[in-house]
Amino acid sequence: MFSKIIKKSNTSYNLKEFSRYIIVSASVFFLDVALLFTLTEILNLFYLMSGLISILIAFSVNYFLNIRWVFKNRKYFHKPLFEYFIMILISIIVSGFNILGMWLLTEFLNVYYVLSKTIISLITFIIKFILRKNILFSF
């Protein structure tokens, strides 16, 4: 009986955590796309360069919100530089898929670059949550 309550509690907390992750990710995604659009359309940067810059800025905002609001448990709470490094590593790997996917969709399928970004970001959203949750934010 007690183990069922604990599991239910953990499930409830995981749902709360995932809900917060969705809110943060959606907010940061809109920031990312706004920066991408602004850098490309207004500042006339190449869309892949704009994508790289927007991802780096969005990453920093996302990291801060993740450690402050989304995830309660942090494996490396007492090693914040190591934690940040691992978060950067995860983001670099997943961002590589993001940029590659955006390039493939835009260049070969002629998908508008903002739509390409949206499609790829939905896929990488799930990948990042799984990696971050399992590597950094659970015991």
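Are Asp-32 and Lys-117 buried or exposed? Asp-32 is buried, and Lys-117 is buried too (buried means under 20% relative accessible area, exposed over 50%, partly exposed in between, with a 1.4 Å probe and protein chains only).

1. Ground rules. This is a predicted model, where local features need pLDDT of at least 70, side-chain atom pairs count only at pLDDT 80 or more, and totals for chains, interfaces and linings use all residues. Residues are numbered from 1 along each chain as its sequence is written, and side-chain values use heavy atoms, with hydrogens and water left out.

2. Fold. You're looking at four helices and zero strands, running α-α-α-α along the sequence (helices, H or I, at least four residues, and strands, E, at least two, are DSSP runs numbered from the N terminus). The C-alpha atoms fill a box of roughly 60 × 30 × 20 Å along the principal axes. Of the 139 residues, 37% count as buried.

3. Salt bridges. There are three of them (a side-chain nitrogen of Lys or Arg within 4 Å of a carboxyl oxygen of Asp or Glu). Asp-32 pairs with Lys-117, with the closest N and O atoms 2.9 Å apart. That pair links distant parts of the chain, Asp-32 being in helix H1 and Lys-117 in helix H4, 85 residues apart.

4. Another H1–H4 link. Glu-17 forms a salt bridge with Lys-133, the closest N and O atoms being 2.5 Å apart. Glu-17 sits in helix H1 and Lys-133 in helix H4, so this pair ties together parts 116 residues apart in sequence. Glu-17 counts as buried because its relative accessibility is 1%; Lys-133, at 15%, counts as buried as well.

5. The remaining bridge. Arg-74 and Glu-83 meet through their side chains at 2.4 Å, N to O. Arg-74 is buried at 12% relative accessibility, and Glu-83 is buried at 0%.

6. Pocket. The largest pocket holds about 430 Å³ of space (a pocket is an open set of points on a 1 Å grid where a 1.4 Å probe fits, with protein on both sides within 12 Å along at least five of seven lines; lining residues have an atom within 4 Å of a point). Its lining has 24 residues, with Ser-25, Phe-29, Ser-121, Phe-125 and Lys-128 nearest the centre. Helices H1, H2, H3 and H4 each give two or more residues to that lining.

7. Surface. Ile-42, Leu-43, Leu-45, Phe-46, Met-49, Leu-52 and Leu-56 form a nonpolar patch (residues with over 30% relative accessible area and no salt bridge, nonpolar side chains joined within 5 Å). Leu-43 lies in the loop between H1 and H2, and counts as exposed at 53% relative accessibility.

Note on methods:
Grid points are joined across faces, edges and corners, and a volume is the space filled by probe spheres set on the points. Patches are made of residues with over 30% relative accessible area and no salt bridge: like charges are joined within 9 Å, nonpolar side chains (Val, Leu, Ile, Met, Phe, Trp, Tyr) within 5 Å. Accessible areas come from the Shrake-Rupley method with a 1.4 Å probe; for residues, only the protein chains shown count as cover.
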